[in-house]
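Please keep the sequence and the structure in view while reading.

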Amino acid sequence: MRARRTDLALPLVLVAWFSGVSAPWACEELFAQRVKERVPPGLWGSTYLTAIGDFDGDGRVDRAFFLPAAGTVPLIVCHGDGKRVTTLLELGSIETLAEQGIASVRRGAHPSLCGKGYGPDCGPGEPATITLDHEAIQFLYLERSSYLLYWQDGEWNKIWWSD
């Protein structure tokens with residue numbers, strides 16, 4: 001599934017806020033405001049709340065994290081140049097993070113969900129492996145399933161990773 005650019009735009013409130021500050025500082029400020037602990041803390045505490053890697057392949061370190069906002073919790077990526085912020089998805093509330101999280105996946109060839117032999121929807125055209133030219137973000141439904149969010153051909157893509 002390919003995400004449309006309009007689906008990846010920042011909420012208008014963040015865009016308005018960004019317009020008044022320099023971008024590198026704004027990225028640092030957003031990162032400082034990220035979700036650092038689950039509510040309630042529970043089993044996972046502060047793990048799986050931040051992913052770090054070169055997600056867009058520009059040779060700079062990017063950071064993905066959850067940002068508490070009014071009524072939602074977007075998963076955002078602050079790109080290494082400090083000038084770009086991308087919203088990948090939005091969770092309904094901070095409580096949903098009790099059983100969800102993110103992690104970095106290293107570059108290289110990896111078996112996909114279908115390549116691991118999972119899922120009834122695997123058929124012709126579903127890739128058995130995915131080759132990542134740079135790191136990707138694994139979105140986890142902790143102890144259940146996960147999918148990868150990866151940058152390819154100038155846009156974010158999604159592929160199911162585990163079941």
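## Strands E9 and E10

Strand E9 (residues 145-152) runs antiparallel to E10 and is joined to it by 7 bridges, where strands are DSSP runs of E with at least two residues, numbered from the N terminus, and two strands pair if DSSP finds at least two bridges between them. Glutamine 152 lies opposite glutamate 155 in E10.

The model is predicted, with local features requiring pLDDT of at least 70 and side-chain atom pairs counting only at pLDDT 80 or more, while totals for chains, interfaces and linings use all residues. Residues are numbered from 1 along each chain as its sequence is written, and side-chain values use heavy atoms, with hydrogens and water left out.

## The open sheet

An open sheet with antiparallel pairing is formed by 4 strands in the order E5-E8-E9-E10. Because strand E5 (100-105) and strand E10 (155-162) stand at the edges with a single partner strand each, one side of each has no neighbour in the sheet. From one strand to the next the twist averages 25°, with axes being lines fitted to C-alpha atoms and angles running from 0 to 180 degrees between N-to-C directions.

In strand E3 (residues 73-78), 6 of 6 residues are buried (under 20% relative accessible area, 1.4 Å probe, protein chains only). Val73, Leu75 and Val77 point one way from E3, and Pro74, Ile76 and Cys78 point the other way.

Strand E2 (residues 62-66) pairs with E3 in the antiparallel sense over 4 bridges, and phenylalanine 65 has isoleucine 76 in E3 as its bridge partner. E3 also pairs with strand E4 (residues 85-91) in the antiparallel sense, over 6 bridges, and cysteine 78 stands opposite valine 85 in E4.

Note on methods
Buried means under 20% relative accessible area, exposed over 50%, partly exposed in between (1.4 Å probe, protein chains only).
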